[in-house]
Amino acid sequence: PPSMLSLQPMSPLSLERVAINISDARIVDNDGAQPVDTRVVRSGPAAYFTTLPIKTMCAELHAAGIPAEISQTAGTFVCNAVFYVLMHRQAKARSPARAGFIHIPYLPEQAISHPGAPSLPLETVIAGLRVMVAAALSTRKDRRIAAGATH
């Protein structure tokens, strides 16, 4: 019979496109905070776009057989706040570096504690990170590939 680890659905690496200046949490974070309708950075703009070539990175991941997707936002909680603050700092930096945010799913052994949670094996995550770094280092202009969302 298949192991419990193999019963977990596979999940793609999720390359985030936009960090938005809002925190609106439906649950508390690890420190017990639950911001609702608050700005991540009080004086910051509404949003920042990633400066990584995410469409090229996604295409290269697919070519390598690694599940990946473009996500339009990192949500409205901790991941988005990390992404937004990173991009805000880069916007203010003298020599900004390319920056962005990638959601990495649970490892199968972690997902087992979260019934129904998608996962991706560590070896696949590592291979994906290598592909993305190589694509980011070798790509000056991102590919124009349809990757919009319908909702």
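**Salt bridge, helices and cysteines in a predicted model**

One salt bridge is counted in the structure, taking a side-chain nitrogen of Lys or Arg within 4 Å of a carboxyl oxygen of Asp or Glu. The model is a predicted one. The pair consists of Arg 143 and Glu 60, whose closest N and O atoms are 2.6 Å apart. Glu 60 belongs to helix α1, whereas Arg 143 sits in the segment after α4, so the bridge ties together parts that lie 83 residues apart in sequence. Both partners are partly exposed: Arg 143 has a relative accessible area of 36%, and Glu 60 one of 31%.

The chain as a whole contains four helices and four strands. From the N terminus, the order of these elements is β-β-α-β-α-β-α-α. The C-alpha trace spans about 55 × 40 × 30 Å along its principal axes. Of the 151 residues in the chain, 34% are buried. Contacts between residues at least 6 apart in sequence were also examined. Among these contacts, 74% join residues at least 24 apart.

Helix α1 covers residues 54–63 and includes Lys 55. Lys 55 is buried, yet it has no salt bridge. Its nearest side chain of opposite charge is that of Asp 142, 6.6 Å away. Leaving aside residues up to four places away in sequence, Lys 55 touches Arg 17, Ile 70, Asp 142, Arg 143, Ile 145, Ala 146 and Ala 147. Arg 143, one of these contacts, is also the residue that forms the salt bridge with Glu 60.

Helix α4 comprises 17 residues, 122–138. From its first C-alpha to its last it reaches 24 Å, close to the 24 Å expected at 1.5 Å a residue. Val 125, Gly 128, Met 132, Ala 135 and Ala 136 are buried in α4. Viewed down the axis of α4, the buried residues fall within an arc of 95°, so they line one face of the helix. In general, an α-helix has 3.6 residues a turn, so residues three or four places apart point the same way. The buried residues of α4 pack against β1 (13–20), α1 and β4 (102–103). On the other side of α4, the exposed residues are Glu 123, Arg 130, Leu 137 and Ser 138.

The loop between β1 and β2 (47–49) contains Asp 37. Asp 37 has a positive phi of about 50°, although it is not a glycine. Most residues other than glycine have a negative phi. Asp 37 counts as exposed, at 58% relative accessibility.

The structure holds zero disulfides. Cys 58 is in no disulfide, and the nearest cysteine sulfur, that of Cys 79, is 18 Å away. For a disulfide, the two sulfur atoms would have to be within 2.5 Å. Cys 79 is likewise in no disulfide, with the sulfur of Cys 58 as its nearest cysteine sulfur. Cys 58 is buried, with a relative accessible area of 7%. Cys 79 is partly exposed, with a relative accessible area of 27%.

How values were computed
Residues are numbered from 1 along each chain as its sequence is written. This is a predicted model: local features need pLDDT of at least 70, side-chain atom pairs count only at pLDDT 80 or more; totals for chains, interfaces and linings use all residues. Side-chain values use heavy atoms; hydrogens and water are left out. Helices (H or I, at least four residues) and strands (E, at least two) are DSSP runs, numbered from the N terminus. Buried means under 20% relative accessible area, exposed over 50%, partly exposed in between (1.4 Å probe, protein chains only). Lys and Arg count as positive and Asp and Glu as negative; His and the chain ends are not counted. Contact means heavy atoms within 4.5 Å. The expected span of a helix is 1.5 Å times one less than its number of residues. The arc is that of the directions from the helix axis to the C-beta atoms.
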